[in-house]
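Hello,

Here is the structure I promised to pass on to you. Please open it alongside this email, and then read on for what turned up.

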Amino acid sequence: MNNQTGLAVLGSINADHILNLAQFPRPGETVIGKQYQIAFGGKGANQAVAAGRSGAAVSFIACVGDDDTGQQICRQLKTDRIRTEAIASVAQEATGVALIFVNGEGENAIGIYAGANAALTPHRVEQHRQIIADAGILLMQLESPLESVLVAARIARDNQTRVILNPAPASELSDELLALVDVITPNETEAQILTGVEVNSEADAARAAQVLHGKGIATVMITLGSRGVWLSERGQGERIAGFKVKAVDTIAAGDTFNGALATALLEQRTVTEAIRFAHAAAAIAVTRQGAQPSVPWREEIDQFLQTQD
């Protein structure tokens, strides 16, 4: 392990167009929305913001379009304590877009246009090799080109930088990539796609975790929604419960969890303590609307945890 305390995040940046509805439309149906907002999102940016607000020193490797949205997002990221030097502006391309429906239960359905995110090529990753080498942890998701995720993971492994992979959106991944991952954080659907094990119970989660351990991943955290997380290390598993709150909007819950988790691990907390810290951050986020606007600051997370003892 290197002794660096910084976090490198490699990932996506989107403008989220969010429409709140009573229920999702069926094919051919038009439904009238209750509320519309544009918020900054993208799994990479959400996780970078969650890490920055929860206390990590974050450098973000990403791409935006050469449009007003891209400039606005970069300005906003700076206010969230994120270093933006490695965010490229891509000529003749739009910043990524997510179109999000949120129903009355707080569930969401999302369509994404990659836009400039597709320009985060292996060559661009190589240009920022030093950021990854100097970091204590590299945090990634799957809204960037897979070959670029693989290149970044290789650079991390060569420099003893820990790799946390949030394998979302769900995708099949090569054994070569999985073998370079130190901590993986799939939800039940993503775990099934990666392992072939349908995750409907803790026993299923334990089986899926064993498959991932077999691919070389030391620490597996399968997120189980409101039931918490199945943590498995070196084949030993346990469920770590989340906190009970009234969910308004679950849009960035997983991203908030991952960003806060990285912060806590960089602070040398135990894995169980780190998950509890990340659970607290996610619990606060689901009580608020939107992606990045819902992400809590460190003071809020610490206060929340003090009320839970």
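Strand β12 (residues 219-223) pairs with strand β13 (residues 229-233) in the antiparallel sense, over five bridges. Before we go further, please keep in mind that this is a predicted model.

The hairpin of β13 and β14 has two residues between the strands, and arginine 234 in the turn shows a positive phi of about 50 degrees.

Strand β9 (residues 137-140) is another strand with both faces covered. Ile137 and Leu139 are buried on one side, with Leu138 and Met140 buried on the other. Strand β1 (residues 7-10) runs parallel to β9 and is joined to it by four bridges; in this pairing, leucine 10 has methionine 140 as its bridge partner. Strand β10 (residues 162-165) is also parallel to β9, again with four bridges, and leucine 138 stands opposite valine 163 in β10.

**An open sheet of four strands**

If you follow the order β3-β2-β7-β8, you will trace an open sheet of four strands with mixed pairing. Which strands stand at the edges? They are β3 (35-41) and β8 (108-113); each has a single partner strand, so one side of each is left without a neighbour in the sheet. On average, neighbouring strands of this sheet are turned by 20 degrees against each other, direction ignored. Within the sheet, β2 (residues 14-20) and β7 (residues 96-102) pair in the parallel sense over seven bridges. To find your place in that pairing, look for aspartate 16, which stands opposite alanine 98 in β7.

Next, have a look at helix α1 (residues 43-54) and helix α9. Their axes come within 7 Å and cross at roughly 45 degrees. α1 and α9 are therefore oblique to each other, and their crossing is right-handed.

**Aromatic rings**

The count of aromatic pairs comes to one. Its members are phenylalanine 243 and phenylalanine 304, whose ring centres are 5.2 Å apart and whose planes stand at 80 degrees, so the pair is edge-to-face. Where in the chain do phenylalanine 243 and phenylalanine 304 lie? Phenylalanine 243 is in the loop between β14 (236-240) and α9 (253-266), while phenylalanine 304 is in helix α11 (residues 298-306). The pair links distant parts of the chain, as the two residues are 61 residues apart. Both phenylalanine 243 and phenylalanine 304 are buried.

One more ring deserves a look: that of phenylalanine 277, where the charged end of arginine 269 sits over the ring, 4.6 Å from its centre.

**Backbone details in the loops**

Finally, here are some spots to check along the backbone. The peptide bond from alanine 168 to proline 169 is cis, with omega near 0 degrees. You will find proline 169 in the loop between β10 and α6 (175-178).

Two glutamines are also on my list. Glutamine 160, in the loop between α5 (146-158) and β10, has a positive phi of about 55 degrees although it is not a glycine. Glutamine 268, in the loop between α9 and α10 (271-285), likewise has a positive phi, of about 65 degrees, and is not a glycine. Is glutamine 268 buried or exposed? Glutamine 268 is exposed, with a relative accessible area of 70%, whereas glutamine 160 counts as partly exposed at 44% relative accessibility.

Conventions: Residues numbered from 1 in each chain as written. Predicted model: local features only at pLDDT ≥ 70, side-chain atom pairs only at ≥ 80, totals over all residues. Heavy atoms only, no water. Phe/Tyr/Trp six-rings, centres within 6.5 Å; stacked < 30°, edge-to-face > 60°. Buried < 20%, exposed > 50% of the residue type's maximum accessible area, 1.4 Å probe, protein only. Lys NZ or Arg CZ within 6 Å of the ring centre and 35° of its normal. Pairing = 2+ DSSP bridges. Axes fitted to C-alpha atoms, helices over the stretch in contact; angles between N-to-C directions. Parallel < 35°, antiparallel > 145°, perpendicular 65-115°, else oblique. Left-handed = near helix turned anticlockwise from the far one by under 90°.
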